[in-house]
Amino acid sequence: MRHPLFTVVGLALLVGLAACTEKPQAAGSRSVGSPAYMGTGVSAFTAGGWKAGDATSWEEEMRVRTQAGQNEYVRSGGR
Amino acid sequence: MARMKFICDAERCIECNGCVTACKAEHAVPWGVNRRRVVTLNDGVPGERSISVACMHCSDAPCMAVCPVDCFYRTAEGVVLHDKDICIGCGYCSYACPFGAPQFPSSGTFGMRGKMDKCTFCAGGPEAHGSAAENEKYGRNRLAEGKLPACAEMCATKALLGGDGDVVADIFRTRVTRRNKGSEVWGWGTAYGKPSSGSPAPKATKS
């Protein structure tokens, strides 16, 4: 009959090695965030003219802001 | 949904670097990293032209195709962004990008070359909009504040246009037709040829 110490050591090694599993190596699941029209929730820095969560009003605000800020033919009345 | 795009009017850009400064200031971009820069063609020669260049947020982005860890994604607004928590700083995107947009800080997790940094179209990153984590990694999220990119809004001569592709294309088209020039350096004619230069222009087809 084997010495009980061998059995105890064997079991301890088995338990110890069981913890040595390989770390998962797949690329982490990539978060894509939320759409811009959801807003930041900080009203102090948010431009007026649209409502957070409303995609249509955000798109309209972008369109108006682009035309008003970057198209001087609109600002000068087409002259 | 809007598809965000930049276009630079080479007839108007005066190489003031206001767009570069606006970007650096808005996002506290670190020393050595330029998300945007002004490139001058034929510098010093009469007729030189300048264009402001950054990430063009390609519809079929080569950086997305070559990234080995798939850290890039496209938002609902058509902005190409990346997740710095996944990026390994390998630099493949830098080789793939035709505009030289990907930038690498000189210090970081991976020794001499840190995780990639590039223009976000002022749309932040995957973290919660306006959060401290997003601001620290990617800078300010102006799109979620209902604003357009700082570089385009700061441009003194309105050479750099940024916004919904349909709108900025309409603005640029109006300028070109009114002044009867201006798409020679950076536009359809340069990329695809003109009937007068011997190469036939492709027939316009609607797809």
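Reader: Is A:Thr66 buried or exposed?

Author: This is a predicted model, where local features need pLDDT of at least 70, side-chain atom pairs count only at pLDDT 80 or more, and totals for chains, interfaces and linings use all residues. Residues are numbered from 1 along each chain as its sequence is written, while chains are lettered from A and ligands numbered from 1 in the order they are written. A residue counts as buried with 20 or more other C-beta atoms within 10 Å of its own, exposed with 12 or fewer, and partly exposed in between, with C-beta atoms placed from the backbone. A:Thr66 has 24 of them within 10 Å, so A:Thr66 is buried.

Reader: Okay, which residues of chain B is A:Thr66 in contact with?

Author: Contact here means C-beta atoms, placed from the backbone, within 7 Å. Leave aside the neighbours within four places in sequence, and A:Thr66 touches B:Leu148, B:Gly163, B:Asp164, B:Val167 and B:Val168.

Reader: And which element of chain A gives the most to the side that touches chain B?

Author: The contact takes 32 residues from chain A and 33 from chain B. On the chain A side, α2 (55-70) and α3 (72-75) each supply at least two residues. Helices are DSSP runs of H or I with at least four residues, strands are E runs of at least two, and both are numbered from the N terminus. With 10 residues, the top giver is α2(A).

Reader: So where does A:Thr66 sit?

Author: Look along chain A for its place. A:Thr66 lies in helix α2.

Notes: Contact = placed C-beta atoms within 7 Å.
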